[in-house]
Each structure stands twice: as structure tokens, then as C-alpha cells.
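Take a look at the protein below before reading on. This report moves from the whole chain to its strands, cores and rings.

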Amino acid sequence: EVAALTADRGTTRPGLFVPDEETRITTSTRTMSVYFTDTFAVTETLDLTVAGRYNATKVKVGDRNLLNYNPALNGEHDYERFNPAVGLTWQATETLNVYGSYSESSRAPTPVELSCASPDAPCSLPNAFLADPPLQQVVAESWEAGLRGQWQEIDWHLGGFWTTNKDDIIFQSTGGTTGNIGFFDNIGDTLRRGIELGLAGTSFDHLAWFLNYSFVDATFDDPFLSNSPNHPLADANGNIQVQGGDRIPGIPQHTLKIGGDYAFSDALSIGGDLNYNSDQYLRGDEANLLDTIDGYVVVNVHASYRFNEHVTILGRINNLFDTDYESFGLLGEPGEVFNGSGPGFTPAMSDPRFLGPGAPIGGWLGIKITL
């Protein structure tokens, strides 16, 4: 339906439709699997786990638009693979467990990805699908190792991981207002490696607390030419060169969550949590040439009062300090939307960054009834 922006950033509803832009497809995905797993006691303290899974997936896509039939959308795709896994667990002491594993997994491309995989027929997702060329399935090879145990009243866990995604699939933008016109493509290998730390315990008899931290280094492993026509540093063809080691947009390296609950009585409990996410690159800046979106901290609080075994009052406030932050960003074409017309619009806008605002302060009050 044709629409236009109004002065208050709303849209008109003129009732004018464009039949050529109508999209109707039917899809089906069928997966058959055979798997096994078993754990062997090598010694009294050492266990070996061996597992495997075979998947066979068929994806069908068909065009149902009789007024604007597009045979390029029709297609059938078959994917199959055997994924092994092996792991060791050693109970070193009564309070210390050591583990390590290697595993493989795979996923077939989705109908949405397959229906929008041609650079010659870019799609406006998720509203239009134009062509159905083949894509390779994504295979993940993962290594993981770590320690977990107890120390006094504290449960703790420290682990590391290394995952390589073979033939990873990303969405390549070819332009448009918010960068959502483009196609899906296999761009080579991507890498995700990092560490995870978890602590949880009880203090002063009434305080239950936790701390979870993760460091994720998500990078492109292979160089490739990325379509990013809205990038201010793109070449004449709208491309930027991505190098191996460039960070994957939209994934913060550091995340931290700290929280707890204090029981003032058997009936009243008050708690909260603090969430931190570090900076991230915008989608469309896979080459890491622009400034990142700033990291942010958000604090939430909650409380509950239990009248009896059947009735509990619950309350919660998210973003207690009404922090102004952005949680996501991509590159788009501002001139197509913010063209300087009407009150509240800035003339000749050229900043290609579209940012997703975080939720402002919000409160909820509820009652839980247990019969």
C-alpha cells in the first residue's frame, strides 16, 4: 500500500495498492533425523560422552501470485549432513568438575533466505521475495572447555569456547531507506570465541545474588566484498572491503549482569539487576570503518509480597534511571524519509545511521493467584 509520512512521523492510509509489489509464496521444510548418544565411565571420576546426529532436510518454495507470477521463486533444495560430538567430564574433587568437548552442528537455509538470495533480484524483507538461487548450509564446529564447582556458599563456573561457522549466511544490503533491501549470501567463515564466568550464592542468610559475565569476540574469518551502498566510505559500486578479523556488527564484546534478591521476611522480597552491554558496530559497517554505538547500563528493580499461599502481589520497574541508550543500529538512506518537509524535520539530513532506541522507564504491577 502506498503511504506517506505525516508531520508527526505517522503515515497516511490512502487505500492505494500496487499489484506488482504483491508477494504470495508457499513454503515447506521437512527434516528427518537419526541420532544417538551414550556416556561411558572410563574411571570412577572420568566420563566419556559420544554422540552423533544425521539430518536430511528438504526445503520447497513456490510462487502463488497469479497476477504477477514469478517462476524464479520456485525451487527445491536438499541438505544432509552427519554431525558428531564427543566430550570428557572429570570430577577432580568433590567440589571441582573439569569438562571439555568438541561438537559439530548444521542448519539448512530458511525459506526466507532462499527466497531472497540473488544479488540481481534484491528483496525488501520481509515483504517481498523475488528469486530462489541455492545457498550452502551453515556448519558450526565448536570447542568448549571449562571448570565448575563450589567454594563455601558460592557456585561458580568458568568456561571458554571457540566456534567456527563454515559458509555463514548474512544479509547484504543493496540500498533503501533503512538498509532492508538486499539479499542473503554465503560469505565464508565467521568466528566466535570467548569466555563465560558465572557466580551465584547466598549471603547473610537472606540475600541470594548472581553475577554473569561473557566476552564474545565475533569476527569475520575470511575477507569478502560487502554490499553497503549507504556507507559514506563505500566505493563507486557501493561496496566496502571486509578483512579477516573485522568484528561482526550487532554483537557487543562484553556483557555483564549482576543482580540479587533480599528476603526481608517470608512474605516480602525486594531485588534488582544491573545489565551492561559494550559498544557494537552498525549493520552495514562490516568493515568497521565508522564509530560504534555506545555501550550502556540499565538498572531494573522488582518486588513481591506474598499474602498467603494463594495470593502474591508483584511489582517491577525497568530502566529505573530512564537511561537514554541505543541497542541496535544500521546504515540507511535518510533523504528518502527525512526530506525536510513539515515541522520537526531537519532539512538536508545526511547522517546515514538509523539507531534503535532502548526502552524508557516502565513500571508494572500485578497479582499472582495460585489455586
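## The whole chain

The protein chain exposes about 21200 Å², and carbon and sulfur atoms supply 56% of that area. This is a predicted model. The chain has 1 helix and 20 strands. Of its 371 residues, 35% are buried.

Take the contacts between residues at least 6 apart in sequence: 60% of them join residues at least 24 apart.

Strand 6 (residues 138-151) pairs with strand 7 (residues 154-166) in the antiparallel sense, over 13 bridges. Leu147 stands opposite Leu158 in strand 7. Strand 7 is also joined to strand 10 (residues 190-203) by 12 bridges, and these two strands run antiparallel. Here Gly160 stands opposite Ile195 in strand 10.

Strands 6 and 7 form a hairpin, with 2 residues between them. Gln152 sits in the loop between these strands. Gln152 has a positive phi of about 55°, although it is not a glycine. Is Gln152 buried or exposed? Its relative accessibility is 67%, so Gln152 counts as exposed.

Asp167 also deserves a look. This residue lies in the loop between strand 7 and strand 8. Asp167 is not a glycine, yet it has a positive phi of about 55°. With 31% relative accessibility, Asp167 counts as partly exposed.

Strand 15 (residues 268-277) has a covered face and an uncovered one. The covered face holds Ser269, Gly271, Asp273, Asn275 and Asn277. The uncovered face holds Leu268, Ile270, Gly272, Leu274 and Tyr276. In a regular strand, side chains alternate between the two faces of the sheet.

Which strands are joined to strand 15? One is strand 14 (residues 254-263), which runs antiparallel to strand 15 and is joined to it by 9 bridges. Gly259 has Asp273 in strand 15 as its bridge partner. Strands 14 and 15 form a hairpin with 4 residues between them. Another is strand 16 (residues 296-306), which is joined to strand 15 by 10 bridges and also runs antiparallel to it. Leu268 stands opposite Tyr305 in strand 16.

## Nonpolar cores

The largest nonpolar core has 14 residues. Val59, Tyr79, Leu114, Cys116, Leu135, Ile169 and Phe184 have the most contacts inside it. Which elements give two or more residues to this core? They are strand 2 (46-63), strand 8 (169-175) and strand 9 (181-186).

Leave out residues up to four places away in sequence, and Val59 touches Ser28, Thr29, Gly75, Glu76, His77, Pro109, Pro111 and Leu114. There is also a second, separate core of 9 residues. Among its members are Ile170, Val242, Ile248 and Ala287.

## Aromatic pairs

A pair of aromatic rings is described by the distance of the centres and the angle of the planes. How many aromatic pairs does a search of the whole structure find? The search finds 6. One of these pairs is formed by Tyr102 and Trp143. The pair is tilted, at 4.5 Å centre to centre and 45° between the planes. It links distant parts of the chain: Tyr102 is in strand 4 (residues 96-107), Trp143 is in strand 6, and they are 41 residues apart. Tyr102 is buried, with a relative accessible area of 17%. Trp143 counts as exposed, at 53% relative accessibility.

Phe220 and Phe224 have ring centres 5.2 Å apart and planes at 70°, so this pair is edge-to-face. Why edge-to-face? Planes over 60 degrees apart count that way. Phe220 counts as buried, at 2% relative accessibility. Phe224 is buried too, with a relative accessible area of 9%.

## Gly329 and its contacts

Gly329 lies in strand 18 (residues 326-331). Its relative accessibility is 2%, so Gly329 counts as buried. What is Gly329 in contact with, leaving aside its neighbours within four places in sequence? The contacts are Leu282, Arg283, Ile293, Phe354 and Leu355.

Gly329 can also be set against Pro249. These residues are 80 apart in sequence, and 8.8 Å apart in space from C-alpha to C-alpha.

Terms used: Residues are numbered from 1 along each chain as its sequence is written. Side-chain values use heavy atoms; hydrogens and water are left out. Rings of Phe, Tyr and Trp (its six-membered ring) pair if their centres lie within 6.5 Å; planes under 30 degrees apart count as stacked, over 60 as edge-to-face and the rest as tilted. Buried means under 20% relative accessible area, exposed over 50%, partly exposed in between (1.4 Å probe, protein chains only). Contact means heavy atoms within 4.5 Å. Two strands pair if DSSP finds at least two bridges between them. Accessible areas come from the Shrake-Rupley method with a 1.4 Å probe; for residues, only the protein chains shown count as cover. A nonpolar core is a set of buried Ala, Val, Leu, Ile, Met, Phe, Trp, Tyr and Cys residues joined through side-chain atoms within 4.5 Å.
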